[in-house]
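Student: I am new to this structure. Please take me through one part of it closely, then through its surroundings.

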Amino acid sequence: PKENLLKKNIKGKNILITGAGGSIGSELCRQILELSPKKVVLYENSEFNLYSIHQELLQSSKRSEIIPKLATVTNLHQINKVISENQINTIFHAAAYKHVPMVEMNISEGVYNNVIGTYNVAKSASENGVENMILISTDKAVRPTNVMGASKRVAELVLQALAKQPHNTCVTMVRFGNVIDSSGSVIPL
């Protein structure tokens, strides 16, 4: 990896990581903290996961401000407040329900969280002048065969539509494949 490219949108900036306590979000937190951001806001709806990643990051020798926020991306008011109060520059949006069988058994919650949550983060980012928003998507969004993949594909379409609107936020996305040891990983099964 080219360190100057990694640091470009992180070093000295205020970073928000949604789903910060999840398997992908927590690894993002660890690596982002190493790149010397000014502030890292951990945005998580699981109290235990938020506590765990917050305690771990407090042990770091890095001197970034670390702020844990117990909140959900499905609450537009909450996400707006956190982004504006913390003057966020870059958002890594990893908050999602990613476990295929669980989303199949809880369709409305899965779709609501993955689609409306992404919409809320993207809308708030553009309205609050956030410089960069990165959606962590999934390979299952390619020609989806399940509800989880379809919900993540719609989340991608939300960002593509936003990218066509006039605003100053650079919206991007990346698709991850099966992440070993993630909460939705097929490997242990």
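Which side chains does a polar contact of 3.0 Å join?

Tutor: A word on the model comes before the answer. This is a predicted model, where local features need pLDDT of at least 70, side-chain atom pairs count only at pLDDT 80 or more, and totals for chains, interfaces and linings use all residues. Residues are numbered from 1 along each chain as its sequence is written, and side-chain values use heavy atoms, with hydrogens and water left out.

Now the answer. The side chains of Thr118 and His93 are joined by a polar contact of 3.0 Å. A polar contact is a pair of N or O atoms within 3.5 Å; within protein, one must be able to donate a hydrogen and the other to accept it, and residues adjacent in sequence count only if both atoms are side-chain atoms.

Thr118 lies in helix H6, residues 107–127. Helices (H or I, at least four residues) and strands (E, at least two) are DSSP runs, numbered from the N terminus. Thr118 counts as buried because its relative accessibility is 0%. Buried means under 20% relative accessible area, exposed over 50%, and partly exposed in between, with a 1.4 Å probe and protein chains only. Thr118 also has contacts, meaning heavy atoms within 4.5 Å. Residues up to four places away in sequence are not counted; Thr118 then touches His93, Asn113, Met133, Leu135, Ala155 and Leu159.

Two of those names return in the largest nonpolar core. A nonpolar core is a set of buried Ala, Val, Leu, Ile, Met, Phe, Trp, Tyr and Cys residues joined through side-chain atoms within 4.5 Å. The largest has 23 residues, and Leu16, Tyr43, Ile83, Ile88, Ile91, Met133 and Leu159 touch the most other members. At least two residues of this core come from each of S2, H4, H6, strand S5 (132–138) and H7. H7 gives the most, with four residues. A second, separate core has 20 residues, including Ile15, Ala20, Leu57 and Ala94.

Follow H7 next. Lys152 is found in this helix, which runs over residues 147–163. Lys152 counts as buried because its relative accessibility is 1%. Its side chain reaches the backbone oxygen of Ile136 at 3.0 Å. Lys152 is in contact with Ala96, Asn114, Leu135, Ile136, Ser137, Thr138 and Ala141, leaving aside neighbours within four places in sequence.

The arc is that of the directions from the helix axis to the C-beta atoms. An α-helix has 3.6 residues a turn, so residues three or four places apart point the same way.

Look at both ends of H4. Asn75 caps the N-terminal end, with a side-chain oxygen 3.1 Å from the backbone nitrogen of His77. Just after H4 comes Gln87, with a positive phi of about 45 degrees. Most residues other than glycine have a negative phi. Gln87 is not a glycine. Gln87 sits in the loop between H4 and S4, and counts as exposed because its relative accessibility is 60%. Arg143 also has a positive phi, near 45 degrees. Arg143 is in the loop between S5 and H7. Arg143 counts as exposed, with 73% relative accessibility.

Finish with H3. In this helix, Leu50, Ile53, His54 and Leu57 are buried. They lie on the same side of H3 because they cover an arc of only 100 degrees around the axis. Phe48 and Tyr51 are exposed on the other side. Helix H2 (23–33), strand S2 (39–44) and strand S3 (65–70) are among the elements that cover the buried residues of H3.
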